Amino acid sequence: MKKIVFLLVLVSYFGFSQNPPSIQVIGRAVHIDKTPLFKGSVTLSAAYSSLPSEAITLTQMREKYDAVLKNNGLSLAQLKEDKFAYEALGYDKEGTIYEFETTSLEAFRKFMKSKSFGIQRLQFDQNITLDAEEIALLSKTAFANAKEKANAIVQGMGMNLGKIISVEDNRNYLDEEIPRGLYYDKPIGHYQYEIMVTFALKDD
């Protein structure tokens, strides 16, 4: 039994030692979607209030929220209600969830600033979509970035890049909505496309 184990160790050792040296890097390319789909959701409930349930009804909260929305150029009729999603949150007090989506940044800004009693923000996102032509262009740019980065890393090691061993897509979806947060330090429609590239290394 010991001989078999020793033999397996030797095979494993020499197998790994025969693997050619390689370098794996992530290549990046920035995409700006000019027409992102903005999606937002809020809860309407007294769950965050210390007031008793009978102090203000859900109907009254709806009326107040609708008045605020109309004052900002929107209305409750433009929002989608999802009562089940609210129930899934497990709050004791009665409430509901309202969702809003639009391609208009101005309309979405109006939705975000519409605040009323019982309104709590759940999620404000922008959804990016990439088509085949955009992915082809981004892949080309990301690969050039990966190659430049790999060259910079091995420059002082006395080695050069060899052939491409593998290219891995880093969860970039084709013709599907990619949810992205709204960040103060990133432009609207910003998306960072990434691929992982593995290069073989050679001495000369």
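Predicted model: local features only at pLDDT ≥ 70, side-chain atom pairs only at ≥ 80, totals over all residues.
Local features need pLDDT of at least 70, side-chain atom pairs count only at pLDDT 80 or more, and totals for chains, interfaces and linings use all residues. Residues are numbered from 1 along each chain as its sequence is written, and side-chain values use heavy atoms, with hydrogens and water left out.

Start inside. A nonpolar core is a set of buried Ala, Val, Leu, Ile, Met, Phe, Trp, Tyr and Cys residues joined through side-chain atoms within 4.5 Å. Buried means under 20% relative accessible area, exposed over 50%, partly exposed in between (1.4 Å probe, protein chains only). The largest nonpolar core has 20 residues. Ile23, Leu130, Leu161, Tyr193 and Phe199 touch the most other members. At least two residues of this core come from each of β1 (22-32), α5 (132-154) and β8 (190-202). Helices (H or I, at least four residues) and strands (E, at least two) are DSSP runs, numbered from the N terminus. A second, separate core holds 19 residues, including Leu44, Leu74, Leu76 and Phe124.

Next comes Leu130. Contact means heavy atoms within 4.5 Å. Beyond residues up to four places away in sequence, Leu130 touches Tyr173, Leu174 and Asp175, among others.

Asp175 sits in the loop between β6 (160-169) and β7 (177-181). Asp175 counts as exposed because its relative accessibility is 52%. Its phi is positive, about 55 degrees, although Asp175 is not a glycine. Most residues other than glycine have a negative phi.

Now the largest pocket. On a 1 Å grid over the protein atoms alone, a pocket is an open set of points where a 1.4 Å probe fits, with protein on both sides within 12 Å along at least five of seven lines; lining residues have an atom within 4 Å of a point. The largest pocket has a volume of about 200 Å³, the space filled by probe spheres set on the points, which are joined across faces, edges and corners. Its lining includes Lys39, Gln78, Glu99 and Asp125. β2 (37-45), β4 (95-102) and β5 (119-129) each supply at least two lining residues.

Strand β2 also holds Ser45. Ser45 is buried because its relative accessible area is 4%. Leaving aside neighbours within four places in sequence, Ser45 is in contact with residues including Met61, Tyr86 and Gly118.

Finish at Asn71, in helix α2 (residues 58-71). Asn71 counts as exposed, because its relative accessibility is 68%. Asn71 and Lys110 are 39 residues apart in sequence and 9.5 Å apart in space, C-alpha to C-alpha.
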